[in-house]
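Dear colleague,

I am handing over the structure below, together with some notes on what turned up when I went through it. Could you read the notes with the structure open beside them?

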Amino acid sequence: MAKIIVITSGKGGVGKTTTSAAFATGLAMKGFKTVVIDFDVGLRNLDLVMGCERRVVYDFINVINGEARLHQALIKDKHSENLCVLPASQTRDKDALTKEGVEAVLSDLAKDFDYIVCDSPAGIEHGAMMALYFADEAIVTTNPEISSVRDSDRILGILQSRSRRAENNLEPVKEHLLVNRYDPVRVSKGEMLDLEDVKEILAIPLLGVIPESPDVLKASNKGLPVIHLQESIAGQAYMDMVERFLGEERPHRFLEAPKPSLIQRMFGGK
Ligand SMILES: Nc1ncnc2c1ncn2[C@@H]1O[C@H](COP(=O)(O)OP(=O)(O)OP(=O)(O)O)[C@@H](O)[C@H]1O
Ligand SMILES: [Mg+2]
């Protein structure tokens with residue numbers, strides 16, 4: 001049975017697309033047939049982060065509207081054998097994403113893939129609702145700041161009341177917390193929420209903590225999901241997260257600020 005996982009947040013710009021690309025790539029690297037779908041109709045960011053933007057001919061809406069078959073719109077990832085991308089349309093209006101249309105595409109994909117990863121747009125509008133409606137599991141992506149945590153709490157309420165699982169009184173959507181852009185130095189200065197605070201407010205199981213890292217932007221500028229960069233702490237934290245998702249025990253890393261060296265301490269550097 002294919003599992004549908006939505007990467008959601010409420011607040012915009014917290015790292016959903018970065019996470020969708022890294023998480024889907026990680027699952028594929030672990031040998032699972034994975035497809036990642038861009039639900040952000042009008043913006044189309046996922047194909048850039050995945051480095052396949054020049055290969056987009058047909059998109060999700062074309063498939064829903066019957067203008068292309070699913071296999072014509074799926075783009076095989078350049079780096080990972082088991083991974084495909086279903087891009088969003090840049091131009092069409094968001095209402096083209098009908099519930100029936102999305103359901104038909106998901107059930108077709110479920111025949112061929114182990115995991116279906118849905119990259120949600122920001123907010124709680126139609127596109128975000130469609131991205132989470134059919135989910136079996138949700139990765140709620142949050143930055144360690146109050147507005148982001150508040151919006152994640154709101155999304156948890158929606159997952160628990162307006163998803164297909166909630167409507168049909170099925171087992172609830174399984175929720176995971178992903179804290180992204182964690183910067184222990186800023187946390188220690190009180191400029192960001194502490195991990196414990198975020199965990200306490202949202203009260204859902206912690207799947208991963210991704211550190212703030214310039215590698216994320218560097219990788220996405222190259223069209224390479226950051227999980228491919230094995231020397232990057234963000235890449236390593238994403239791989240830990242994937243392994244945890246698959247049931248392995250992995251301690252959380254990169255939660256402490258690096259200790260200053262002897263020379264830095266002697267000369268008062270930070
Ligand atoms: N761990 C990180 N360290 C540094 N920069 C990051 C990190 N995660 C994401 N970013 C940067 O934050 C920006 C927003 O990321 P991304 O596009 O993944 O967010 P999003 O939640 O998908 O946004 P939207 O709500 O607009 O869809 C990008 O410039 C990305 O490179
Ligand atoms: Mg996005």
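**Notes on the structure**

Asn169 is exposed, with a relative accessible area of 70%, where exposed stands for over 50% relative accessible area, buried for under 20% and partly exposed for what lies in between, all with a 1.4 Å probe and protein chains only. This is a predicted model, in which local features need pLDDT of at least 70 and side-chain atom pairs count only at pLDDT 80 or more, while totals for chains, interfaces and linings use all residues. Residues are numbered from 1 along each chain as its sequence is written, chains are lettered from A and ligands numbered from 1 in the order in which they are written, and side-chain values use heavy atoms, with hydrogens and water left out.

**Backbone and loops**

Asn169 sits in the loop that runs between α8 (164-167) and β7 (174-182); helices (H or I, at least four residues) and strands (E, at least two) are DSSP runs, numbered from the N terminus. Although Asn169 is not a glycine, its phi is positive, at about 55°. Phe254, in the loop between α12 and α13, also has a positive phi, near 60°, and is likewise a residue other than glycine. Phe254 counts as partly exposed, at 23% relative accessibility.

Gln230 belongs to the loop between α11 (214-221) and α12 (233-245), and with a relative accessible area of 59% it is exposed. The C-alpha atom of Gln230 is separated by 37 Å from that of Ala68, a residue 162 places away along the chain.

**The ligand**

Ligand 1 is surrounded by 17 residues, of which the closest are Gly13, Lys16, Thr17, Thr18 and Asn180, a residue being counted if one of its heavy atoms lies within 4 Å of the ligand. For the polar side of this site, I used pairs of N or O atoms within 3.5 Å; within protein, one must be able to donate a hydrogen and the other to accept it, and residues adjacent in sequence count only if both atoms are side-chain atoms. An N or O atom in the side chain of Lys16 is 2.7 Å from an oxygen atom of ligand 1, and a backbone N or O atom of Val14 lies 3.1 Å from an oxygen atom of the ligand. A polar backbone atom of Ser213, in turn, is 3.0 Å from a nitrogen atom of ligand 1. Taken alone, ligand 1 exposes 640 Å², and the protein buries 81% of that; these areas come from the Shrake-Rupley method with a 1.4 Å probe, and for residues only the protein chains shown count as cover.

**A buried residue and a surface patch**

Thr19 has its place in helix α1 (residues 16-29) and is buried, with a relative accessible area of 0%. Leaving aside residues up to four places away in sequence, Thr19 touches Ile7, Ala24, Thr141, Leu178, Tyr238 and Met241, where contact means heavy atoms within 4.5 Å.

Ile263, by contrast, is exposed at a relative accessible area of 57%, and its place is in helix α13 (residues 262-267). Together with Leu262, Met266 and Phe267, Ile263 forms a nonpolar patch on the surface with about 510 Å² of accessible area. Patches are made of residues with over 30% relative accessible area and no salt bridge, with like charges joined within 9 Å and nonpolar side chains (Val, Leu, Ile, Met, Phe, Trp, Tyr) within 5 Å.

**Salt bridges**

Taking a salt bridge as a side-chain nitrogen of Lys or Arg within 4 Å of a carboxyl oxygen of Asp or Glu, the count comes to 14. One of them joins the side chains of Asp47 and Arg44 at 2.8 Å, N to O; Asp47 counts as buried at 2% relative accessibility, and Arg44 counts as buried at 15%.

Another salt bridge is formed by Glu196 with Lys199, whose closest N and O atoms are 3.4 Å apart. Because they are three residues apart in helix α10 (residues 195-202), Glu196 and Lys199 are separated by about one helical turn. Glu196 is partly exposed, with a relative accessible area of 45%, and Lys199 is partly exposed at 30%.

Glu243 and Arg250 also meet through their side chains, at 2.6 Å, N to O. Glu243 is buried, with a relative accessible area of 10%, whereas Arg250 is partly exposed at 28%.
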